[in-house]
Amino acid sequence: MIRFVNGRRKESVVPAAGPTEGASARSKRADAVRNQQTLLDAAAEVFVTSGIDAPIRQIAARAGVGLGTVYRHFPTRADLVTAVYHHQIEACAEAGPKLLADAASPFDALRRWVDLFADFLVTKHGLADALQSDSDRFATLHTHFLDRLMPVCAQLLDAAVDAGEIRPGTQPYELMRGIGNLCIGHDSDPRYDPRRLIELLLQGLRRS
């Protein structure tokens, strides 16, 4: 810093943030990220059980935070819904490679990923309803959904084909679209469980 004393120019060094201050800032950022992740997980659970119009107070209670914390991270309901959608997509996308590395076989990894994908779609149907009033925003999210998840599905299908577990030729978009169609109606008919038909669909991919 430059300052003038009695007409003379003097320079002084402004001390940099010490190690404790830097560590404190990083800790606060980490806490903020954890709080946001907790909020997104809680909101996704509430949206599945109570719909996307559930009171924000219910989401705050599920997350164990105050209303002010929710609104500080997500000023509007649309912001929260969009963030939950992205959060769910990322969780589903990141699960694919992990399942492929840990599962007993590529087909088992595919089956377990499809189960996660079906869980996501149940949430997605409610989120889509919330975004109908903003078609451009929803179109962007839908594009992100396909761009992020189709390569993961393709990787799992290719691995199962290479292992000789399923027949080649199934396109990731076809499989994802088929699963999505089977999930339609789940919310309005408690007697309908799409997972049984999804399992039949997967078994139809197997080599005889």
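Which residues does alanine 63 touch, not counting residues up to four places away in sequence? Alanine 63 touches Thr38, Leu39 and Ala42, where contact means heavy atoms within 4.5 Å. The structure is a predicted model, in which local features need pLDDT of at least 70 and side-chain atom pairs count only at pLDDT 80 or more, whereas totals for chains, interfaces and linings use all residues. Residues are numbered from 1 along each chain as its sequence is written, and side-chain values use heavy atoms, with hydrogens and water left out.

The protein has eight helices and two strands; helices (H or I, at least four residues) and strands (E, at least two) are DSSP runs, numbered from the N terminus. In order from the N terminus, the elements run β-β-α-α-α-α-α-α-α-α. Of the 208 residues, 34% count as buried, a class defined by a relative accessible area under 20%, with exposed meaning over 50% and partly exposed in between (1.4 Å probe, protein chains only). The accessible surface comes to about 12200 Å², of which 52% belongs to carbon and sulfur atoms; accessible areas come from the Shrake-Rupley method with a 1.4 Å probe, and for residues only the protein chains shown count as cover. Among contacts with a separation of 6 or more, 64% are between residues 24 or more positions apart.

Helix α2 spans residues 56-63, and its residues Ile56, Ile59, Ala60 and Ala63 are buried. Seen down the axis of α2, these buried residues fall within an arc of 100°, so they line one face of the helix; the arc is that of the directions from the helix axis to the C-beta atoms. An α-helix has 3.6 residues a turn, so residues three or four places apart point the same way. The face of α2 turned away from the buried side carries the exposed residues Arg57 and Ala61. Alanine 63 itself has a relative accessible area of 13% and is therefore buried. Glycine 64, whose phi is positive, near 75°, follows α2.

Helix α3 (residues 67-73) contains leucine 67, which is partly exposed at a relative accessible area of 27%. Leucine 67 touches Ile56, Arg57 and Ala60, residues up to four places away in sequence not being counted. The C-alpha atoms of leucine 67 and arginine 57 are 6.3 Å apart in space, and the two residues are ten apart in sequence. Glycine 68 is also placed in helix α3 and counts as partly exposed at 46% relative accessibility. Its C-alpha atom is separated by 10.0 Å from that of arginine 57, eleven residues apart along the chain.

A nonpolar core is a set of buried Ala, Val, Leu, Ile, Met, Phe, Trp, Tyr and Cys residues joined through side-chain atoms within 4.5 Å. The largest such core has 33 residues, of which Leu110, Trp113, Phe117, Phe145, Leu149, Leu175 and Ile179 touch the most other members. The elements giving two or more residues to this core are α4 (77-102), α5 (106-130), α6 (135-162), α7 (172-183) and α8 (194-205). Leucine 110 touches Leu156, Leu157, Leu175 and Leu202, again not counting residues up to four places away in sequence. Another core, of 19 residues, lies apart from it and includes Ala44, Leu80, Val81 and Ala83.

The structure holds four aromatic pairs. Rings of Phe, Tyr and Trp (its six-membered ring) pair if their centres lie within 6.5 Å; planes under 30 degrees apart count as stacked, over 60 as edge-to-face and the rest as tilted. The rings of phenylalanine 117 and phenylalanine 145 have centres 6.1 Å apart and planes at 15°, so this pair is stacked. Because phenylalanine 117 lies in helix α5 and phenylalanine 145 in helix α6, the pair ties together parts that are 28 residues apart in sequence. Both phenylalanine 117 and phenylalanine 145 are buried. Ring pairs link Tyr85, Trp113, Phe117, Phe120 and Phe145 into a cluster.

With a disulfide defined as a pair of cysteine sulfur atoms within 2.5 Å, the count comes to zero. The sulfur of cysteine 153 is 9.3 Å from the closest cysteine sulfur, in cysteine 92, too far for a bond. Cysteine 153 is buried, with a relative accessible area of 0%, and cysteine 183 is buried at 2%.
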